[in-house]
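Okay, thanks for making time, everyone. I'd like to walk you through one model today, so let me put it up on the screen.

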Amino acid sequence: MTPVHAGTAEELETAIAAGARELLGAQRPDGVFDFGASTLRSTLATAGAITALHFADPGGAADLIATGAERLRRTRNDDGGWAMVPGRPSEPGPTAVSAAALHLIDPDGHAPEVEAGRKWMSDYGGLEAIPHPEVVLWCRQFYGFAGWLAPERMRRFPLELALVPGLYRRLFDLRLPMASALGLAQVRHRPLTRWQRSLARRAEPNALRGIRQAFEHEGSAGSWSEDAWVTGLVCIGLARAGLGPDMVEAAVRWFRRTMHPDGSWATTPLDAAWTMYAVRGLIEAGYRDDERLAVSRDLFVRLQQRRPFLAFACPPGFWGWSGAVGWPAVLETGEIVSALAKLPGRAQAEAVRTGAAWLGNRQDRRGSWGLCVRNTKVANSGPCPMTTAQAVDALLDAGGPPAGRPIRRAVRWLGRAQRPDGSYESVWYREHTMGTAAVLETLARCGEADGETARRARSWLIRTRNDDGSWGDGHGAPGTVEETGWAVSSLLAAGEEPAAVAAGVRWLLDVRVPGGGWTPAPVHEYVRRVSRYANPGFTHGMALRALGRYRAVAR
């Protein structure tokens, strides 16, 4: 193979400086790296919002419903379907929910759009062809609302399980408020046996308590997770059940405050998720002592939550993906602990300590980590090899010993979780490149770089590299900046020589846009293998991490 030259030292320095300048240009005075609300506006959020308003306040919110419906009509693709983010290829979840929402609101006025959406779904193979049972569940609810599915065929939410709170949390995890609200509605609208109805009625106080705990954690502002899709599902359930009128009224007011002028609503803000990857990339690119990162450091300290999240039985000390009242997340907590531990100063020492303690508290019995609920049984929450790797990295960065029991338990679990081909799954990132890269780097940090598990992960990464030097999803997809950046960084951390990743570095240099940055790709999983989104902070952070790391070892 002809040797590939990654570029001169001057070219590398120029690329790092331009990428850092582009990234820092997105930093707000409060330290958030903000890439615009337009990146978060979603079809599901808009469809969920107008459906909720239809059930909660059809007369008083008629203007919002009409404006949101018109947004859905405008953003339908030419093939008849809808995408999570308008302008991208059609996806089954957004198509099924949008068609049902429009039919529910005005079946005659929206007949052409509804017919086109249903045809797209038929050509796709129907709801049963969707490769994720959770998405099928939500879509079947909306089909029931539209009258396309008999109530008894809608998936039942077994509200009686709320009588056993620990089990209930493990079974529903992040979805607990939504499942509880829809379950409360089903007690009144879905055929149930006498025993099911009796037990569900006994469980109602527990179910309502969990919904209200999440509501009050966010200051009773009217939303759940500051997300119009999540808030829509909860509001639909409560309104149809005739329960929690104060919460329903607050949700209607929140929908009015948060609708964008174009008629759309957004998913949850990603202030912390944008910022943590941006900061990590800038640290590795040589900006650790830049005073602008001190502002983000102080932001992270402010955003750490000092109250327990009662709905999920989470103690204090965590971070979420959004602001100071967001829902708890191991991934964000791990990344932020690592970033704070790598920044200069002592002002963040207590935040690092309590964040690491929170992560230790969230480790599963099996040694892994999921989203936030220990021992979760929800596939789209965990256990996740990549999240486990990020949690271990955070514990190491916070001063945890590699030979300590939590880390050794995690390493053993990672050995068991490896796929037969050597790769790793990731709940929140597409397919297998980033999961494998994250685990390989963690294994190397734990002194396992020469072990069989790491060897197989390294081999998988090397053989799935594209011919142009980039990495995609590991299964033939074109390369992305995000996947290439993480693969390059990981292989270097695992001891590969610079020459082994030079082609990947060269590719990162070649795909820069004129302003000096990189184009984000939708590699983040909103729902595994069904809906994805892009995170520009992650894109630029991973590119800078790879280039900075390569510069450090290639000197």
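**A walk through the helices and the core**

Let's start at T354, which sits in helix α15, residues 349-362. Before I go on, keep in mind that this is a predicted model. So what does T354 touch, once you leave out residues up to four places away in sequence? The answer is Q304 and G317. For a sense of scale, take S42: it is 312 residues from T354 along the chain, and the C-alpha atoms of the two are separated by 34 Å.

Okay, on to the core. The largest nonpolar core has 190 residues. Which of them touch the most other members? Those are W224, L238, F255, F312 and W327. As for helices, α12, spanning residues 271-287, gives the most to this core, with 10 residues.

Now, helix packing. Two packed helices are described by the angle between their axes and the distance between the axes, and I've got two pairs to show you.

Pair one is α4, residues 92-105, with α6, residues 133-145. Their axes are 8 Å apart, and the packing angle is about 15°. Angles under 35 degrees count as roughly parallel, so that's what we call α4 and α6. The crossing is left-handed. Who's in the contact? From α4 you have G93, A96, V97, A100 and L104, and they meet V135, C139, F142, Y143 and F145 of α6. Sorted by class, that contact has nine nonpolar residues, one polar and no charged ones.

Pair two is α18, residues 433-445, and α19, residues 452-463. Here the axes come within 9 Å and cross at roughly 140°. You'd need over 145 for roughly antiparallel, so α18 and α19 are oblique to each other. This crossing, too, is left-handed. On the α18 side we have T433, T436, A437, L440 and L443, meeting T453, A454, A457, R458, W460 and L461 in α19. By class, the contact of α18 with α19 has seven nonpolar, three polar and one charged residues.

Notes
Residues numbered from 1 in each chain as written. Predicted model: local features only at pLDDT ≥ 70, side-chain atom pairs only at ≥ 80, totals over all residues. Heavy atoms only, no water. Core = buried A, V, L, I, M, F, W, Y, C linked by side-chain atoms within 4.5 Å. Buried < 20%, exposed > 50% of the residue type's maximum accessible area, 1.4 Å probe, protein only. Helix = DSSP H or I, 4+ residues; strand = E, 2+ residues; numbered from the N terminus. Axes fitted to C-alpha atoms, helices over the stretch in contact; angles between N-to-C directions. Parallel < 35°, antiparallel > 145°, perpendicular 65-115°, else oblique. Left-handed = near helix turned anticlockwise from the far one by under 90°. Contact = heavy atoms within 4.5 Å. Nonpolar A, V, L, I, M, F, W, Y, C, P; charged D, E, K, R; others polar.
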